Amino acid sequence: MSPVHDQSYRRYAGLRQAPGKAWLVILRAGVRQLIGRRIFLGLLALGWIWFLVRSVQIYLAVTQPQFAQFLPVDVKLFANFIDAQSFIAFFVTVYAGAGLIAADRRANALQVYLSKPLMRMEYIGGKFAILAVFLGFVVIVPSILLLVMQVLLSGSLSFLRGHLELIPAIVLASTMRVLVYAISMLALSSLSTSTRYVAVMYTGVVFFSEAVFNVLSFVTGSTRVAWVSPSRNFDVVSDAIFRQAPRYDTPVIVSVLVLLGIVAVSVSVLERRVRGVEVVS
């Protein structure tokens, strides 16, 4: 007969993770899953094409002064660059974000996640971070690197010294977009179990609001109704951040309140929809 080993209580000898770090596990798993898809990697690569185009423009403006008369390197260039990156950010948001919570709800995985010593905010934070990382990669990172390229190609800090406000402006304008894109998509993802339906909902909201703006501006003959379109609100706030002439008549404070309202509503939806069996450890 084999001996019976002592099965009495023993202290746990492994490493204990500090509370509040579980969201990192969700982040790592989500990032690995997405970068394993070739289509998504191709989408991320497309997000850097405009960066290359603008870099060539800066190079030509530095080496060929006459070229700078037609396409100058100024504050407006960086503001327009962030606006242009919103196009690719839309597709990244839809592809990477539509199934973040919807897939878990379809598989009834929320009960599994939240029945562990995992706080609801850690779950939401991990899912949010997945989308924010990739959006930052196509919006925040290239915007900052474009400014770095200007310094490197010109071989001088004179442009940066004359426009020190560009650094906080770029960070604020790009981060604003990443935050609203990510949190709003996450909220929509929590409303359904179908990834495709979430993608259609997000696309519908974007295009429908744009159509409403076009109709109202045509009927009223004014652009003060730009607040009905989230993308137009980004333009209004971005113009103020970069101190550019406003493209629309909507007051900046109105657009700021609308964007904050989108964030607030999204947080409220997530608070109501992301529920499970929480265990207090």
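**Exercise 1. Work out whether the span of α11 agrees with its residue count, and how enclosed the helix is.**

Step 1: Helices are DSSP runs (H or I, at least four residues), numbered from the N terminus, and the expected span is 1.5 Å times one less than the number of residues.

Step 2: apply it. With 24 residues, α11 should span 34 Å, and its end C-alpha atoms are 34 Å apart, so the two agree.

Step 3: look at burial. Buried means under 20% relative accessible area, exposed over 50%, and partly exposed in between (1.4 Å probe, protein chains only). In α11, 18 of the 24 residues are buried, so the rest of the structure largely encloses this helix.

Step 4: pick out one residue. Thr175 sits in α11 and counts as partly exposed because its relative accessibility is 36%.

A word on the model before going on: it is predicted, so local features need pLDDT of at least 70 and side-chain atom pairs count only at pLDDT 80 or more, while totals for chains, interfaces and linings use all residues. Residues are numbered from 1 along each chain as its sequence is written, and side-chain values use heavy atoms, with hydrogens and water left out.

**Exercise 2. Describe how α5 packs against α12 and against α2.**

Step 1: Axes are lines fitted to C-alpha atoms, for helices over the stretch in contact, with angles from 0 to 180 degrees between N-to-C directions. Under 35 degrees is roughly parallel, over 145 roughly antiparallel, 65 to 115 roughly perpendicular, and the rest oblique.

Step 2: take α12 (residues 195-220). Its axis and that of α5 are 9 Å apart at an angle of about 150°, so the pair is roughly antiparallel. The contact is made by Phe90, Thr93 and Val94 of α5 with Ala199, Tyr202, Thr203, Val206 and Phe207 of α12.

Step 3: now α2 (residues 38-46). The axes of α2 and α5 come within 10 Å and cross at roughly 160°, which makes α2 roughly antiparallel to α5. Here Ile39, Phe40, Leu43, Leu44 and Leu46 of α2 meet Ile88, Phe91, Val92, Tyr95 and Ala96 of α5.

**Exercise 3. Where do Asn108 and Arg243 lie, and are they buried or exposed?**

Step 1: Asn108 is in the loop between α6 (102-106) and α7 (109-114). Its phi is near 55°, positive in a residue other than glycine, and it counts as exposed because its relative accessibility is 57%.

Step 2: Arg243 is in the loop between α13 (230-241) and α14 (252-273). This non-glycine has a positive phi of about 60°, and at 68% relative accessibility Arg243 counts as exposed.

Definitions and conventions: Helices (H or I, at least four residues) and strands (E, at least two) are DSSP runs, numbered from the N terminus. Contact means heavy atoms within 4.5 Å.
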